[in-house]
Amino acid sequence: MDLSFSDEDIAFQHEVRTFLAENLGAGTKDRSDRGLHPGREDMILWQKMLYEKGWIAPNWPREHGGPGWSLTKKYIYNHEYFLSGAPQVSPFGINMVGPVIYTFGSDEQKTRYLPDILKSDTLWCQGYSEPGAGSDLASLRTRAVRDGNDYVIQGQKIWTSWAHLADMMFCLVRTNPEAKNQAGISFLLIPMDAPGLTVKPIIGLDLEHSLNEVFFDDVRVPLGNLVGEENRGWTYAKFLLGNERNLVARVARSKHQLNRLIDIAGKEVAYGGRLLDDPDFSRKIAKAEIDLMALEYSELRYLSRELAGGELTAEPSMLKIKGAEIAQTIKGLLVEALGVYGTPYETDEETAERNDGAIGPDHAHGIQADNLYQRAATIYGGTNEIQRNIIAKMIFGL
Ligand SMILES: Cc1cc2nc3c(=O)[nH]c(=O)nc-3n(C[C@H](O)[C@H](O)[C@H](O)COP(=O)(O)OP(=O)(O)OC[C@H]3O[C@@H](n4cnc5c(N)ncnc54)[C@H](O)[C@@H]3O)c2cc1C
């Protein structure tokens with residue numbers, strides 16, 4: 001196993017670091033550090049800058065507008081990107097539906113949608129989950145029925161992140177209720193301004209609005225909005241979920257948050273000294289750091305295996321489980337470090353409206369809300385229990 005980078009890779013790493021240091025604005029970084037959700041305009045502005053640089057879609061092949069990087073370069077880019085504290089690019093267009101469209105879509109769909117995804121001129125959301133169809137996604141019931149040149153859609157989605165900011169949804173619908181669960185599903189592209197489509201907010205534990213319910217009441221979309229073949233949507237859905245799961249080891253993001261934790265623990269006071277010097281608290285930090293290091297080396301081992309032509313099976317599930325748990329531990333420690341100021345929290349809007357500033361020291365702002373939002377990391381992208389089932393099946397043959 002060779003974990004070293006070539007001279008070319010190291011030069012690339014330096015280029016990425018320099019670009020981010022020069023272009024990531026302090027305000028954007030600060031919001032991302034605190035886990036505050038970006039607004040639509042800020043998100044588009046930042047993503048357009050990455051587009052101009054040619055780095056918006058690290059995983060896309062060159063023929064579709066990606067940089068055509070090697071696996072190692074993709075790894076380096078992602079690592080440096082999150083280590084710098086840059087905000088996550090909205091994954092629904094770039095990481096999810098884009099690859100589905102260039103792999104399974106028609107030429108017309110590629111021409112129509114891919115350039116706008118790259119330029120962030122169209123923002124997307126993911127219409128998979130329904131009440132009663134989350135882990136057991138194949139039991140989804142939203143129906144699409146052919147009527148002339150259209151599909152007519154009736155049903156409901158839930159937990160749809162950023163639906164209120166999106167222009168388009170990629171959506172799983174049932175087109176054949178007679179077929180076995182997985183066999184009767186299709187993959188549709190739906191404009192969010194279609195008549196009959198309603199978005200209702202769900203306010204999360206963090207008191208923020210990122211989640212939604214989406215209702216379809218005889219929503220019509222042209223037959224041309226079907227991706228691939230009718231009733232073969234499950235194949236495309238699984239392809240997309242595989243890409244989604246690869247996003248969630250979050251090593252560099254957790255490293256960045258760990259550095260932040262060390263910085264804050266150096267400012268907070270405990271027993272007349274710095275919290276960072278408290279043996280009990282520093283032991284907790286060290287444990288998180290060791291777990292993170294082990295996760296990083298697991299990620300590098302899997303990268304090395306892929307570079308040598310090997311295949312991964314349940315490894316992304318292992319990375320997802322540990323990555324989410326470590327991220328939650330670090331966010332929990334950030335709250336603990338704040339002491340009494342870890343308890344009260346205000347939404348971003350509430351803080352902006354106060355003329356006496358946020359409660360507690362400046363570094364406390366956003367931490368509790370982010371910690372509460374982080375609880376979702378063991379749920380979205382396939383819950384940790386479902387990932388354990390995958391490991392049990394693929395590795396232990398149970
Ligand atoms: C913050 C957030 C953002 C999300 N964004 C989106 C989005 O943009 N688009 C979208 O489509 N969905 C989204 N989701 C939904 C997410 O994909 C589902 O919540 C997830 O798949 C779990 O489904 P569920 O909530 O219906 O829970 P359930 O499937 O009902 O599970 C409930 C509990 O039972 C456990 N469980 C279920 N089945 C098994 C089993 N076979 N073995 C062992 N344990 C099991 C689960 O692990 C869980 O603990 C989001 C969720 C969250 C929290």
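In the predicted model, helix α1 (residues 7-23) and helix α3 (residues 40-53) have axes that come within 12 Å and cross at roughly 140 degrees. Helices are DSSP runs of H or I with at least four residues, numbered from the N terminus; axes are lines fitted to C-alpha atoms over the stretch in contact, and angles run from 0 to 180 degrees between N-to-C directions. The arrangement of α1 is therefore oblique to α3, given that angles under 35 degrees count as roughly parallel, over 145 as roughly antiparallel, 65 to 115 as roughly perpendicular and the rest as oblique. Glu-15, Phe-19, Leu-20 and Asn-23 of α1 form the contact with Trp-46, Met-49, Leu-50 and Lys-53 of α3, where contact means heavy atoms within 4.5 Å.

Residues are numbered from 1 along each chain as its sequence is written. Because the model is predicted, local features need pLDDT of at least 70 and side-chain atom pairs count only at pLDDT 80 or more, while totals for chains, interfaces and linings use all residues; side-chain values use heavy atoms, with hydrogens and water left out.

An automatic or database assignment divides the protein into domain 1 (7-89), domain 2 (124-231) and domain 3 (248-394). The C-alpha centres of domain 1 and domain 3 are 20 Å apart, and 18 residues of domain 1 are in contact with 20 residues of domain 3. Between them these two domains bury about 1,600 Å², 56% of it on carbon and sulfur atoms; buried area is the accessible area (1.4 Å probe) lost by two parts on being put together, summed over both. Within domain 1, Arg-34, Leu-71 and Tyr-75 lose the most area to domain 3, together 38% of what that side buries.

Methods: Helices (H or I, at least four residues) and strands (E, at least two) are DSSP runs, numbered from the N terminus.
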